[in-house]
Amino acid sequence: MYRTILLLGALLMTAACSGKSPVPPTMAEGGFDFTQAVSSAEAPMVTRLENGLTVLIKEDDRFPLANVRLYVHAGSAYEQPEQAGISHLLEHMVFKGSANRAPGETARMIESAGGSLNAGTSWDYTVYYVEVPDHEWKLGLETVREMAFHANIDPKELEPEKEVVLSELERGEDAPGSRLFKTLQSMVWPGTSYEWPIIGYRETVSGLTDKDIKDYIARLYQPQSMLLVVTGKVDAKKVLDEARVSFGDYRNTHDVPAVTPEPLPAPKGPQVTVVPGKWNKVYLGLGFPIPDMGSSKATGLEVLGQTLGGDDTSLLYRTFKYKKRLVDDIGAYALTLDRVGMFYVSATLDAENLDEFWAELLRFFADLDASAFQKQELERAKLNLADSLFLTKETLAGLASKLGAFQFFYGGQNAEANYLYELARVDREELGELMAEYLRPDQLSGVLLTPEGTETTSQGLTQAVEDRWPARTKAVEDQDAPKQGKVKEIALPGGSTLVLLPDHTLPYTALSIYWPGGDGSLATDEQGLAMLTAKALTRGTPDMTATQIEDYLSDRASSAAATAGRDTFAFNAKYPSWFAGDVLPVFEEMLTAPTWPLKEIDRARQDQIAAIKLREDKPLGTAFRHIFPFLYQDGPYTYLHAGEADQVRSFSPDQIMQYWERQSRMPFVLAVCGTFDAKGMEAFASRLATELTRPGNEYEYVRPGWNPEKQVQMHLPDRNQAHLLTIFPVPGTEDLEASAGLTLLRAALSGQSGLLFRDLRDKQGLGYTVTALLWQAPKTGFMAFYIGTEPEKLQQAEQGFADTVALLRQDPLPAEELERAKNVINGEYYQDHQTLLSRSRQAANLLVQGLDRDMEKQLIERAKALGPDDLQKLARRYLIWDEAYTMTVQP
């Protein structure tokens, strides 16, 4: 995430144009209650100028200094292959004079004032930065403006500077770490603009002309794609006024390229390259493709990198440096960028240790699972990540880089708190799932720089992977069907169903049981009872207390939990396959003989009441807690899912047991995915069906009526933002044609490059979060537009929604927008359905609702066949402004 941006920035992007050596930045946050520190810190002033340029100012009077930096969405990932290296070359050229300053004059002015300046290029951005005495802050603004907007690309200066860059390129070739990574990135990110090095190639750099650079500037250096950051002993209002004067007159002449994550490459088997040379040591690098920085999995992957190889206490370091003494150094980290990512493992060792180390390293990864991480080790890794983030604030430059990164890449300062929130909740189960999903031999790319004469070949190393990592190298047959056995649906007693989804890639099993019902099995005065029952269900059996269950499952790297929905009740579990004989009897007792201990019911009750209060403390939580009772007038959809606090306090153990008695009697669908004994699983499922299911317990999904009142306004005092939801009734999943089109329409509207985001946020600057949501049950559904904005901009935001609806109804969606939406839903599906548990949940949930277990794939295929006219017809049919519901939460 943020940490890897700065890490790779320090290693690969910083220019030496000013004649200074790169200074590695500090990186991240920690030491005490970091979330509290973030929430209590005074937020910076953030303003978007009329031309789209964002200005962030943070007053900090600790030092008599001002740090000024300008970020531009222009890096090597925005280049064409034939111009590889042009971003970095431009970064050099800005020091060769501007329209208003002669070559070298800028550096002289800054240094004469007691300041410093530099610039840097990465894949996704270029940054220009200056640090000056506080009374010279205007000079800092003028300097970054001159560098970015008025660089004088003189052909006479260009040719010698190209030679400087080529010399730098050659110097990088001599550095093992640089050579290693440059070779590896072309293997991990083939076919993308991330496959070439930031500095480019000899041929491309040599061929660049002054016209090429000027055209590049004209295309990418748009105010709307820039962020100006000023920190230090300054007056924020004066800085903002000067920023308007200095930067406000520049105009956008081109659209900003959309940032769309690259799909993960299809598994192609292990590939290892050996590069002999005049090295004294062996330098090894392994890369596995992972999702981009915007992925919900980015934080977990960062924790995985820290835990595996982040420091001297990490698992790789302790294993191969301390215990086995096979390496001089070894480390790992997750590098997540705007559109791609890489999990990177590196090591340095003596050539005579290579064969033993390679064999041991492969065995290490083949045996690796979540049980390898102790709780103390995981907490230490998370603390170190948070601590390093917090310590960036020690210097003005660190503070500016932290604030700038969160604003520039994540859209606002809330991202820091969100990151710390996610970080605190990463657990061993998540790490295990991430390892299973991404650290796979069929996705492994490796590069070894070996001393000349080393008897090691690419073929031999690749073969060793196939020999020593056999369970994972047997790659999936195709992207659509990551399984190694035939799917089976087996009828069980009482109308229940067992679904077997074999996938022997990993020795893990995911098990999901879904019943129809949930809130739908409640009376009106029982709102919240389904959720409470789910919380208490797994907290006691005849043989074990709640703590004994927790310890027993944890010792086996297993987990189990129940959840309740508006139409379903579910039990989900995951465990290493070799522990099936241990854990399945426990799961069976949980479901057939729960003991409902009073103290555990009390704990569950306290948890639920706390969750209610927590949601009511948050404007968006309040909105989504009340959205269903607002929209619907009958049936379970009108219920408050968590209930009211007083209501939850009143529920007795008898009510919980009675609810479970009628809920568990419903026919269920049990889906199991992974490695398992089919006969043993069928016997387990049959026992459950025989014990629980009773004839005549059928559930009917309702088609609820919509409320006649279409507007509601809620208030949360002492809040800053207003929240707006505009909601359109749509069909449920029973209408496959409409569902396919609605799914595609939602994708076109949502995301950072979606229609809503580009208009209401990028163009109008109305809010931090702007998106579209689609919720569907079998017989009902809704599409919602959401924005969080300033209260005084609420009317403008609503008009923006209305304009978007009018546009969709009036004109067919452009072909490129439609193609983007199709790619989005296709990518979302495969990113969201790779884990075993996601697949078992999907199958059980869809089948229990009477839908095909492959319905989501069917929707994608139907969506691919739709054209612009189809979506226009859909918008005209369902996006009817006068029939929309409006929900607002205001201060």
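How much accessible surface does the protein have, and what share of that surface belongs to carbon and sulfur atoms? The accessible surface comes to about 36000 Å², and 49% of it belongs to carbon and sulfur atoms (Shrake-Rupley method, 1.4 Å probe).

Before you click around, note that this is a predicted model, where local features need pLDDT of at least 70 and side-chain atom pairs count only at pLDDT 80 or more, while totals for chains, interfaces and linings use all residues. Residues are numbered from 1 along each chain as its sequence is written, and side-chain values use heavy atoms, leaving out hydrogens and water.

**Stop one: the whole protein.** Select everything. The C-alpha atoms fill a box of roughly 90 × 70 × 55 Å along the principal axes. Of the 891 residues, 58% are buried (under 20% relative accessible area, 1.4 Å probe, protein chains only).

**Stop two: the cartoon view.** Here you can look for 34 helices and 22 strands (DSSP runs: H or I of at least four residues for helices, E of at least two for strands, numbered from the N terminus).

**Stop three: two helices.** Now select residues 298-309, helix H11, and residues 428-438, helix H17. They pack at an angle of about 90 degrees, their axes 10 Å apart (lines fitted to C-alpha atoms over the stretch in contact, with angles from 0 to 180 degrees between N-to-C directions). H11 is therefore roughly perpendicular to H17 (65 to 115 degrees).

Next, show the side chains. Which residues of H11 meet H17? They are Gly300, Leu301, Val303, Leu304 and Thr307, facing Glu430, Leu431, Leu434, Met435 and Tyr438 in H17 (contact: heavy atoms within 4.5 Å).

How values were computed: Angles under 35 degrees count as roughly parallel, over 145 as roughly antiparallel, 65 to 115 as roughly perpendicular and the rest as oblique. Buried means under 20% relative accessible area, exposed over 50%, partly exposed in between (1.4 Å probe, protein chains only).
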